[in-house]
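Dear colleague,

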Amino acid sequence: MEKSCSLLVHFDKGTPALANEIKEALEGNDIPAKIDAMKNAIMLLLNGETLPQLFITIVRYVLPSEDHTVQKLLLLYLEIIDKTDGKGRVLPEMILICQNLRNNLQHPNEYIRGVTLRFLCRLNEVEIIEPLIPSIMSNLEHRHPYIRRNAILAVMSIYKLPQGEQLLVDAPETIEKFLSTEQDASAKRNAFLMLFNCAQDRAVNYLLTNVDRVSDWGELLQMVVLELIRKVCRTNKAEKGKYIKIIISLLNAPSAAVVYECAGTLVSLSSAPTAIRAAANTYCQLLLSQSDHNVKLIILDRLNELKSSHSDIMVDMIMDVLRALSSPNLDIRRKTLDIVLELITPRNVNEVVLTLKKEVMKTQSGELEKNGEYRQILIQAIHSCAIKFPEVASTVVHLLMDFLGDSNVASAMDVVIFVREIIETNPKLRVSIISRLLDTFYQIRAARVCSCALWIIGEYSLSLSEVESAIATIKQCLGDLPFFSISEDEEAGDSSKKTQQATSITVSSRRPAILADGTYATQSAASETAFSAPAVVQGSLTTGNLRSLLLTGDFFLGAVVACTLAKLNLRLEEVQPSKIELNKASSDALLIMVSMLQLGQSSVLPHPIDNDSYDRIVLCIRLLCNTGDAVRKIWLKSCRDSFVKMLSDKQLRETEEIKAKAQISHSQPDDLIDFYHLKSRKGMSQLELEDEVQDDLKRATGEFVKDADDANKLNRIIQLTGFSDPVYAEAYVTVHQYDIVLDVTVINRTKETLQNLCLELATMGDLKLVERPQNYTLAPLSSKQIKANIKVSSTETGVIFGNIVYETSNVLERTVVVLNDIHIDIMDYISPAVCSDTAFRAMWAEFEWENKVAVNTTITSEKEFLDHIIKSTNMKCLTAISALEGECGFLAANLYAKSVFGEDALVNVSVEKQGDGKLNGYIRIRSKTQGIALSLGDKITLKQKGGS
């Protein structure tokens, strides 16, 4: 059994000092050498050396020293040496120490008295302390506050000792008197802390008699008061009302720490609307007044907790919370918006959107590095507001369309997806959105954004003027045809023979140019300036953005252009009476499509057109040459229908999630309900009355936390030894996020007493034992409950193994019983979570750990297999239910979960039905850390067969 130690000193294991050298230095008169020698002696003792020969030397040569550092080191030395023999009796030589301590406690120097009193706080030997008690008590009346406050701490620690109450019979009474006369804030705090720990009734009494002065007390004392209130209210709920008043009065304290603790205490003790509102107000004020980012994040966490339990009150605070967006930190802004978006109601949505619009405008001006990312978060926030409350869409959609040409592609992509959804859900805005989109189309620089914008133009341009201006815009952005001349093609063919000048930025189209930033760009031989990146070009009127993107070899965009032109021409047939105009538009569109095919097959570009895009463009050409009613219906109606279905699916999923969140436990029909107006109001303030009613309501709706059902508890009991072992042991495992508590029951099955019985545990994986095991003595056939705490530092499957060691009276050697291993399940640490498709893809590309598990199961239905995997891994399926419907023989789905440590777990399930009816395929797991990927893989391998 290891000794307890109150000292922790860094020890560099170089060449340890020898005991003889230390002894010589201590006997000399050189003070610095003495100090070094004492430090070395302390280091050696802390590392397990005994050095018995030094004690007498120290008594002779160090005790008389007047140097303060030497005296401080002497006390540290005395703290760590053994003061008792093997049987627990105090060593006789400690009497020498006693006299020295008494002298120190009466020393004229305040520092020596103070450090000696601090030393006595860590002394457990009653025989040494007893003769010093009169000196300790006399220090309570010393003129210097430093000594008084340390004397109180010494009194408190002595009073807490097993025989402390006999040593200091009237300590609480003395301290209470002391408290009423003391002026020093720190000494008052220590005195109150002593009463709080040793005589709680006196502390409560003192607090209630001085209730009007609490707000004038020092910060340290106010913190102890709050701790006392929490402790008292937990044990005695009936007294809550008067204490809540004290907390409310402390909310105006000048110290931010006190105010924060007050708000936390209020929320934990009361559900009264007035109290919650006061706490929320306090948090919002702290959010603005504190500059530290970590503090702001902690306060936002508290507000988030309030939002989930008291959303009706938090709704009124929404504008105060939004003011946190003034912080430049992206994490704070993201967290703030997450809280705000769940508090939006028809009453406050206009104000919120107005604030978000202002923030979007601000991101244009400042040159902050994260502006693009922040704008993207704001756009997503506005998007979700507009989906929930369509009436605000008209105020934001035109502002956001200015950002279609944003250099941050992700942000521009969010805008265009937002526009696509709004144009479908808000038919009134359709005309204005289309005209605005056509006006700003030339500014779009990213191919993905262009593709989406072209789909919107093709799908929602309905009137003659809209269709004509849409075709004109596309033609303008494509520029003059053809995309290259024949001479350029030939030139490209033999460009390898020509040497290029180093200074020229005109390059042969055969070879991509390497730009200043190290990226590649391909160009036609016509003198075009190089682009900053292959997929993003500067839109200008001279060179259309579509032309520039096509000339970088983006033929997927070419196929989208062809489809859009085909749709616009089909729609033109419905709205254009003139056959001549119709044929002209048709031939123009065909010319553009053929030019794109020519460009794709020429040697001007380094890569030819891909087969998919080629087939798509050819299909559009055939369609324009030969249009039929069935085909027209597919192109003009079915596309829109499938988009509408996708939107309704998404909305359905969201409403189901909201419903699931709203379901709270309901009470039994015969539970007690107490009504507000029937309350006895004798001497109760409004706040106390509210608090009582809220407590009753909670009781009635079953909101007070019930004990976990007993059946579930039994599942967590693990048998550690066999029934025939002399010692039977079983453990109940409780997992609290960051730590695991093992409650081990040990039963002595024999007829003799087991001595020094010790539960020795060891761990594998990222688990750490918190405390050392203790020794116990177990009487015949008796049992003992032993608790062990284990810290968890990351999400992976850990193993706890160990044994029970004991001695019996008649055998000299120790007996060892080996225990069963306890496997810590990864499922306790991961919970289903939601993320957007784009975020999933970004993480999938970024995470380096992948575990690939082959499908091996007896289940024959793809959908059933997916459900089984979701249930086994405790993950959420991100793939829409509609995408998984139908029987087609294969299935692919994405699953996502988050661990309590904030780690992401991504899973992709791809299965196919073989001819013999069996499933085959792979499950891929990706994560940032190796632990999750391996542990989830093991779990899936174990569970996928379809067994329990």
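In this predicted model, there are 27 salt bridges. One of them joins R347 to D316, with their closest N and O atoms 3.5 Å apart, and this pair links distant parts of the chain, since R347 sits in the loop between α21 and α22 whereas D316 sits in the loop between α19 and α20, 31 residues apart. R347 counts as exposed because its relative accessibility is 68%, where the cut-off for exposed is over 50%, while D316, at 44%, counts as partly exposed.

Another salt bridge, between D867 and K863, has its closest N and O atoms 3.3 Å apart. These two residues are 4 residues apart in helix α38, so about one helical turn separates D867 from K863. In general, an α-helix has 3.6 residues a turn, and therefore residues three or four places apart point the same way. D867 is partly exposed at 39% relative accessibility, and K863 is partly exposed at 33%. Elsewhere, D331, R334 and E373 are linked in a network of salt bridges.

Turning to the helices, α23 (residues 371-388) has 18 residues that should span 26 Å at 1.5 Å a residue, which agrees with the 26 Å between its end C-alpha atoms. Of its 18 residues, 14 are buried, so α23 is largely enclosed by the rest of the structure.

Finally, the axes of α24 (residues 393-401) and α25 (residues 409-425) come within 10 Å and cross at roughly 145 degrees. The contact is made by A393, V396, V397, L400 and M401 of α24 together with V415, F418, V419 and I422 of α25, and by class it has 9 nonpolar, no polar and no charged residues.

With best wishes

Conventions:
Residues are numbered from 1 along each chain as its sequence is written. This is a predicted model: local features need pLDDT of at least 70, side-chain atom pairs count only at pLDDT 80 or more; totals for chains, interfaces and linings use all residues. Side-chain values use heavy atoms; hydrogens and water are left out. Axes are lines fitted to C-alpha atoms, for helices over the stretch in contact, and angles run from 0 to 180 degrees between N-to-C directions. Contact means heavy atoms within 4.5 Å. Ala, Val, Leu, Ile, Met, Phe, Trp, Tyr, Cys and Pro count as nonpolar, Asp, Glu, Lys and Arg as charged, and the others, Gly among them, as polar. The expected span of a helix is 1.5 Å times one less than its number of residues. Buried means under 20% relative accessible area, exposed over 50%, partly exposed in between (1.4 Å probe, protein chains only). A salt bridge is a side-chain nitrogen of Lys or Arg within 4 Å of a carboxyl oxygen of Asp or Glu.
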